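User: I have a structure here that I'd like to talk through with you. Can we start with how it is divided up and then go on to the contacts?

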There are 2 protein chains.
Amino acid sequence: MGAFDEAIAVRPAGDGRYEIQPDERFAIAGAVNGGVLLASVLRAVLDSSPHPYPIATSAHFLRAPRPEPAQVEVEWLKQGKVAATARATLVQGGRPMVETTVTTGALGDPGDVGALSWTGEPPRLPPIGECQDIQDAQGPRAFSGYVKQVDVRLDPATIGWTRGEPSGTPEMRGYFQLREPREPDAYLLALAVDSLPPVVFGIEVVGWSPTVELTWHMRAVPAPGALRVAARCRHVSGGWFDEEAEVWDSTGCLVAQSRQIALVGRPGRP
Amino acid sequence: MGAFDEAIAVRPAGDGRYEIQPDERFAIAGAVNGGVLLASVLRAVLDSSPHPYPIATSAHFLRAPRPEPAQVEVEWLKQGKVAATARATLVQGGRPMVETTVTTGALGDPGDVGALSWTGEPPRLPPIGECQDIQDAQGPRAFSGYVKQVDVRLDPATIGWTRGEPSGTPEMRGYFQLREPREPDAYLLALAVDSLPPVVFGIEVVGWSPTVELTWHMRAVPAPGALRVAARCRHVSGGWFDEEAEVWDSTGCLVAQSRQIALVGRPGRP
């Protein structure tokens, strides 16, 4: 088993409770990446779900769990034929850390003749070979934790900020995969939707920008291969910014969408 | 007090419980409009919130409440200096109907000098006088309930479906206000984000398309006047479609954003 699957493992403890261990290997400055936490929560939810896929996952991030034992508490609110909804709370030391609501369902066959089908324009990215490894892009820093686990290649059009020349547009685009061999699935999509640097870096390199709420939708089962992620922002104001990401698989299928609201970090403290 | 404020009134019943009465005047075919239900939930949440605005509201729609007495149960999970998060459940007959998580906060002054500020392109709509009243657009049907309460004027570019000629693009744009005099605020924004006909009508007029999950963000305090709403879709596949809406106020400020995931209705049963 690879590092990612170890990090998101859950151990059933009865009555909808699951033991988890937020994994230091996926931490950034002591805080375990939110996508990895969501993947653990989804493992617990899918363990008792009547449907196979997390169609809609809403997460409110209350506190940053430490890399110490924690629990996921799952309570089903509805188990219907088409969709089922659970409330799932990541708890540590008796306090809620991440509050999620997850609706699971089936995903019909995208090739189903007669079913309504339509997709918007895919994002335009240069070939992966022309994109820049985020580790190189950020210069000679000591990389550890999360950044060592992921292989993010940024579209050169969105990396001006690494040279102190933000593009002026809050956008990020890049390829995403793990450094270890691990094909995408629902759990990896939970990580992919928030895998790029904050979109506001396209305007100004600000400090740590904590995600307050993130909702993502699984739209199709991803094919093997690197994922393409495109994120944009619509509004930065009053101390908050939104970030919308789309994840497309290697066959050109839109497989996940997300939107988050985050606090603008303090300027000058990247 | 007008019909809308009556419909979203809450009566505190102690221990975080509030009595509400889903209002038939805002029902569509017996089901009270989801936005009106969310506004009631937000009234209950804001009653005990340390912060004034619902920054992020995530709602999973489990069952359609009847126009009979119901309750909102509010539980605070965190009350921080910058943000506070509550779980709020709309319950009827002892069963959860709508499960929401709400993070409240303050909205900094958009004119704050020095604060990071950026906004994307606003939607382009013709003047309101050139838009079509949704009641006229849909032809000589008997309108009652929700549709009688709202004043929706659709951009002619997005109403081909009313003549059996969908534009081919899943988009809707229009002006939104109540028919009664009632200026916009957080509660009316909860209604506005899902006030237009389903975006999929731009491709094919399908049947009732139930919203399964909707998350919306309040981005600024709206100025008086009609709201401009623009909705688009990115992907229709596997029986599901997404709908993203932006709400702009009369001064050209982006005041709310939403995304929902909904089930594609059955074709031929509009």
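**Domains and contacts**

Analyst: In this predicted model, the domain assignment of chain A gives domain 1, residues 1-107, and domain 2, residues 125-270.

User: What separates the centres of domain 1 and domain 2 of chain A, in Å?

Analyst: Taken over C-alpha atoms, the centres of domain 1 and domain 2 of chain A are separated by 22 Å. As for contacts, 27 residues of domain 1 of chain A are in contact with 23 residues of domain 2 of chain A.

User: Which elements give two or more residues to the domain 1 side of that?

Analyst: On the side of domain 1 of chain A that touches domain 2 of chain A, those elements are α1 (3-7), β3 (27-28), α2 (34-47) and β5 (53-61) of chain A. The largest share of that side comes from β5(A), with nine residues.

User: And how many are nonpolar, polar and charged there?

Analyst: The residues on that side of domain 1 of chain A divide into 17 nonpolar, seven polar and three charged.

User: Switching to the two chains, how many residues does the contact take from chain A and from chain B?

Analyst: The contact takes 51 residues from chain A and 51 residues from chain B. On the chain A side, strand β17 (residues 254-263) of chain A gives the most, with five residues, and the residues of that side divide into 24 nonpolar, 16 polar and eleven charged.

User: Which strands do bridges join from chain A to chain B?

Analyst: Strand β15 (residues 235-237) of chain A is joined by two bridges to strand β9 (residues 118-119) of chain B, and the two run antiparallel. Opposite A:Val236 stands B:Trp118 in β9(B).

Methods:
Residues numbered from 1 in each chain as written. Chains lettered and ligands numbered in written order. Predicted model: local features only at pLDDT ≥ 70, side-chain atom pairs only at ≥ 80, totals over all residues. Domains from an automatic or database assignment. Contact = placed C-beta atoms within 7 Å. Helix = DSSP H or I, 4+ residues; strand = E, 2+ residues; numbered from the N terminus. Nonpolar A, V, L, I, M, F, W, Y, C, P; charged D, E, K, R; others polar. Pairing = 2+ DSSP bridges.
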